[in-house]
Amino acid sequence: MIIHLKNSVSDADVVTIAQKLDAFHIKKPEHHVLVTPSALQEVPAQYEKLVEASFAFANDIQLASADYFSDIREIDINGVKIGGSNNNTMVIAGPCSVESEEQITQSAELMKEQGISTLRAGCYKPRTSPYSFQGMGLEGLKLLDKMRSQYGLNIITEVRDTTHVDEVIEFADIVQIGAKAMYDQGILRRCGKTQKPILLKRGFGSTLQEFVQAAEFILSGGNDNVILCERGIRTFETKTRFTLDLCGVAFLKEHTNLPIILDPSHAMGYRYGVADLARASTAMGIEGLLIEVHPDPSVAKSDAAQQLNHDMFRDLLGTLRPIASAIGRTIV
Ligand code: PEP
Ligand code: MN
């Protein structure tokens, strides 16, 4: 249950009530928000006078629920806004990994040329094999920082584990929690204690309930700026890398208040399908896309098979803009 306690209730009383109800306490300018387990369905009688509003839920999708409020949460990333009343579809693009200054500079120049706001690239790569390229680490973060100041781009990069979560929060404009880290409660809880926007990817073996509950870990910590990212789930199919769950996206749009970004690159796993999936995803009226693009995919150190080259990305954007505008949205 979510309970809004009146502002007049003292902090000390709120702490006592939160303890009694086993609740998270989030302090807002207008009121105190208490989030209890969803099993609580009614405000206990002794607190009724202190309550401004209360919301009961069928399960532990609470702060993220469209039944709490039905508008999509607005997220402002240094002036680039998604959700709320902004009909923006934010394209996040760039290579899978930062590999060198030359490579990431070429990527940043492409984003600038195409009027794209957000550059992506991983520095801590969650690889399936310990023998694969693991990312440039802090050196990569510093290169991304340089791209931000030289090109005025927002930067999104991934946190792989809790050893570098503070570093990533410091350097990124949006912190990406990858599919393999979706269950890492150390990362989730730490990300709940910043106000930086968090892009939470769906674990490829996770149900929608588990995915949104992972978002609840961040939201209940007090960070309202959570974006969900569908990036494909594992099914019986082996011809594509994963299966992009568009039905799941329809569910999330209907039942949550969180902005949604679709990642066709990791779902498909092969260059050839990415543009079609990106167009289909855009037509769903979502808040953004994540596309992997590399200056020369044939030499990419990770995810080489799925990254678009620069010309493919330019062509794709040319076809995405009219699709977005046909449904009243703007690519940013
Ligand atoms: C990535 O974005 O490069 C990545 C590793 O994604 P995922 O966590 O979805 O596999
Ligand atoms: Mn990748």
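**Exercise 1. Cysteines**

Is Cys 191 buried or exposed? Then find how many disulfides the whole structure holds.

*Solution.* Note at the outset that the model is predicted.

- Step 1. Take the accessibility of Cys 191. Its relative accessible area is 0%, so Cys 191 is buried.
- Step 2. Look for a bonding partner. The closest cysteine sulfur belongs to Cys 229. It sits 15 Å from the sulfur of Cys 191, which is too far for a bond. The cut-off for a disulfide is 2.5 Å between the sulfur atoms.
- Step 3. Over the whole structure, the number of disulfides found is zero.
- Step 4. Check Cys 96. This cysteine is buried, at 2% relative accessible area. Its SG atom is a donor to the manganese ion (ligand 2).

**Exercise 2. The metal site**

List the donors of the manganese ion (ligand 2) and work out which parts of the chain the pair His 266 and Asp 303 ties together.

*Solution.* 

- Step 1. Collect the donor atoms. They are SG of Cys 96, NE2 of His 266, OE of Glu 292 and OD of Asp 303. The distances run from 2.1 to 2.4 Å.
- Step 2. Write the spacing. Along the chain the donors read C-x169-H-x25-E-x10-D.
- Step 3. His 266 belongs to helix H8 (residues 264-268), while Asp 303 is in the loop between strand S14 (288-292) and helix H10 (310-326). The pair therefore ties together parts that lie 37 residues apart in sequence.
- Step 4. Check burial. His 266 and Asp 303 are both buried.

**Exercise 3. Around His 266**

Which side chains make polar contacts with the side chain of His 266?

*Solution.* 

- Step 1. Start with accessibility. His 266 has a relative accessible area of 8%, so it is buried.
- Step 2. Take the polar contacts. The side chain of Glu 292 is one partner, at 3.0 Å. The side chain of Gln 306 is another, at 3.3 Å.
- Step 3. Leaving out residues up to four places away in sequence, His 266 touches several residues, including Arg 120, Lys 201, Arg 231, Arg 241, Phe 242 and Leu 290. Asp 303 is also one of them.

**Exercise 4. Ligand 1**

Identify residues around ligand 1, then find how much of its accessible area the protein covers.

*Solution.* 

- Step 1. List the surroundings. Among them are Lys 125, Glu 158, Gly 178, Ala 179 and Lys 201. Cys 96, His 266 and Glu 292 also belong to this set, and these residues are donors to the manganese ion (ligand 2) as well.
- Step 2. Pick out polar pairs. Each involves an oxygen atom of ligand 1. A side-chain N or O atom of Arg 120 is 2.7 Å away from one. For a polar side-chain atom of Gln 176 the distance is 2.9 Å. For one of Arg 231 it is 2.6 Å.
- Step 3. On its own, ligand 1 has 300 Å² of accessible area, and the protein covers 94% of that.

**Exercise 5. Loop residues**

*Solution.* 

- Step 1. Asn 225 is in the loop between helix H6 (208-220) and strand S12 (226-230).
- Step 2. Asp 22 is in the loop between helix H1 (11-21) and strand S2 (24-27).
- Step 3. Asn 78 is in the loop between strands S5 (75-77) and S6 (80-82).

Key
Residues are numbered from 1 along each chain as its sequence is written. Chains are lettered from A and ligands numbered from 1 in the order in which they are written. This is a predicted model: local features need pLDDT of at least 70, side-chain atom pairs count only at pLDDT 80 or more; totals for chains, interfaces and linings use all residues. Side-chain values use heavy atoms; hydrogens and water are left out. Donors are N, O and S atoms within 2.8 Å of the metal (3.2 Å for Na, K and Ca); water is not among the atoms, so sites may look incomplete. Helices (H or I, at least four residues) and strands (E, at least two) are DSSP runs, numbered from the N terminus. Buried means under 20% relative accessible area, exposed over 50%, partly exposed in between (1.4 Å probe, protein chains only). A residue is near a molecule or strand if one of its heavy atoms lies within 4 Å of it. A polar contact is a pair of N or O atoms within 3.5 Å; within protein, one must be able to donate a hydrogen and the other to accept it, and residues adjacent in sequence count only if both atoms are side-chain atoms. Accessible areas come from the Shrake-Rupley method with a 1.4 Å probe; for residues, only the protein chains shown count as cover. Contact means heavy atoms within 4.5 Å.
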